[in-house]
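Work through the exercises below with the structure open. Each task is followed by a solution in steps.

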Amino acid sequence: MHICHVISGDLWAGAEVMACQLLKSLQLSQGIKLSVLLLNDGRLASELRESGIQVFVISEQDNSFIKIFLTAFRLFSNNPPDVFHTHRYKENFLGYLLSIFMSSHLVATQHGLPEFKKISFIETIKSRLNFFLLRFFFHQVVAVSEDIKSFFIDEYFFDKKRVITVHNGVNLPVHSQYKVDFFRFIIGSAGRFFPVKDYFLLVSVAKFLLQESGVYFVLAGEGPQRESLEKLIEDSLLQDHFHLVGHKEDMDSFYSGLSVYINTSVHEGIPMTILEAMARGLPIIAPRVGGIPEVVDDGVQGFLIDGRDPEAFAEKIMLLYNDKELWQRMSVAAREKAERCFSVERMAQGYLEIYRKLCGENA
């Protein structure tokens, strides 16, 4: 069974991390031949090549969409994939066109909901065409959360049989004794500096705790809002308590330096960063949005916040800061749920069952 993933590969964000871990796990499955078509060279390409996975890169910077399609057609015409598995709208279009000529099955993973912002007329047309293709021509649409699945069925009227939920999964680091320094209690987050992440709210949370000398904030990542965040941190007199640490290649060392992981997003699917933090025994503080409640049980692995009041986030931070036993219980519960529900092996098995069902093999 030949499975070809089609991914942009221009970023190293949640979707790329998920795809990388999924592909590495699928590579261990018997009877599966994997290939990956990327539209950009970069970290994802390097990670997959190092794992021995067949990678083809057709640069979208140097080629028109038509040329990308023709090149891909030549690459796979002699050995058509049984399944094209795509990950974003541009890849959905490409996978669909290739499948017409190769009679391949189509699977798409929806990693999140559309960011509802003002877009151009052309972008609106592209978005509508994308959902049209997914609804009528893809054999299986995979939602990473039940929240996204419900959105597709209720808002876009997808056939329930065509949409299935497979939660994201992460590699579980070697279990070790959880430790935290309550004299330097570090609240951390990581992601792209984009509006949907709402890191301005995180700065507002930090302002409520400015007088708590032992509480610090760190934010890993980059993006177009960096300059605005730096200015807000400076204007809020938080330079000694809130640090932007840039892009991190080694996320293990980032998580190991934290006491609590915080998320402030307006919407999320199943955030890989929350899963990674839980796998390392970090309690989570996050808004009750998107798929997050499917990951974090309020009061068990951390706290879910209703609304976007920074004081509510700050109060939960102080609960954990002042109660070592509570922190320990949530730390253990976070690791246990990551092991039980969100391992990369569990995720890969979910996708394998989809592929085998489509190809008429026994799951």
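**Exercise 1. A charge over a ring**

Task: Find which ring the charged end of Arg192 sits over.

Solution: In this predicted model, the charged end of Arg192 is placed over the ring of Phe194, at 4.7 Å from the ring centre. A distance within 6 Å is required for such a placement. Arg184 gives another case: Arg184 lies over the face of Tyr216, 4.1 Å from the centre of that ring.

**Exercise 2. An aromatic pair and its surroundings**

Task: Classify the ring pair of Phe131 and Tyr156, locate both residues, and state how accessible each one is.

Solution:

Step 1. Searching the whole structure gives 20 aromatic pairs. One of them is Phe131 with Tyr156, with 4.2 Å from centre to centre and 15° between the planes. Planes under 30 degrees apart count as stacked, so the pair of Phe131 and Tyr156 is stacked.

Step 2. Phe131 belongs to helix 5 (residues 121–136), while Tyr156 is in the loop between helix 6 (146–155) and strand 7 (163–165). The pair links distant parts of the chain, 25 residues apart.

Step 3. Phe131 has 6% relative accessibility and therefore counts as buried. Tyr156, at 25%, counts as partly exposed.

Step 4. Phe131 and Tyr156 also belong to a cluster linked by ring pairs, together with Phe151, Phe152 and Phe158.

**Exercise 3. A pair between strands**

Task: Decide how the rings of Phe217 and Phe242 are arranged, and whether each residue is buried or exposed.

Solution:

Step 1. The ring centres of Phe217 and Phe242 are 5.8 Å apart and the planes are at 5°, so this pair is stacked.

Step 2. Phe217 is in strand 9 (residues 215–220) and Phe242 in strand 10 (residues 242–246), so the pair ties together parts 25 residues apart in sequence.

Step 3. Phe217 is buried, with 1% relative accessible area. Phe242, with 3%, is buried.

**Exercise 4. Two helices in contact**

Task: Describe how helix 11 and helix 12 pack, and which residues meet.

Solution:

Step 1. Helix 11 (residues 310–322) packs against helix 12 (residues 324–341) at an angle of about 105°, and the axes are 5 Å apart. Angles of 65 to 115 degrees count as roughly perpendicular, so helix 11 and helix 12 are roughly perpendicular to each other.

Step 2. From helix 11, the residues Leu319, Leu320 and Asn322 meet Lys324, Leu326, Trp327 and Met330 of helix 12.

Step 3. Sorted by type, the residues of this contact are 5 nonpolar, 1 polar and 1 charged.

Notes
Residues are numbered from 1 along each chain as its sequence is written. This is a predicted model: local features need pLDDT of at least 70, side-chain atom pairs count only at pLDDT 80 or more; totals for chains, interfaces and linings use all residues. Side-chain values use heavy atoms; hydrogens and water are left out. Rings of Phe, Tyr and Trp (its six-membered ring) pair if their centres lie within 6.5 Å; planes under 30 degrees apart count as stacked, over 60 as edge-to-face and the rest as tilted. Helices (H or I, at least four residues) and strands (E, at least two) are DSSP runs, numbered from the N terminus. Buried means under 20% relative accessible area, exposed over 50%, partly exposed in between (1.4 Å probe, protein chains only). A charge sits over a ring if NZ of Lys or CZ of Arg is within 6 Å of the ring centre and within 35 degrees of the ring normal. Axes are lines fitted to C-alpha atoms, for helices over the stretch in contact, and angles run from 0 to 180 degrees between N-to-C directions. Angles under 35 degrees count as roughly parallel, over 145 as roughly antiparallel, 65 to 115 as roughly perpendicular and the rest as oblique. Contact means heavy atoms within 4.5 Å. Ala, Val, Leu, Ile, Met, Phe, Trp, Tyr, Cys and Pro count as nonpolar, Asp, Glu, Lys and Arg as charged, and the others, Gly among them, as polar.
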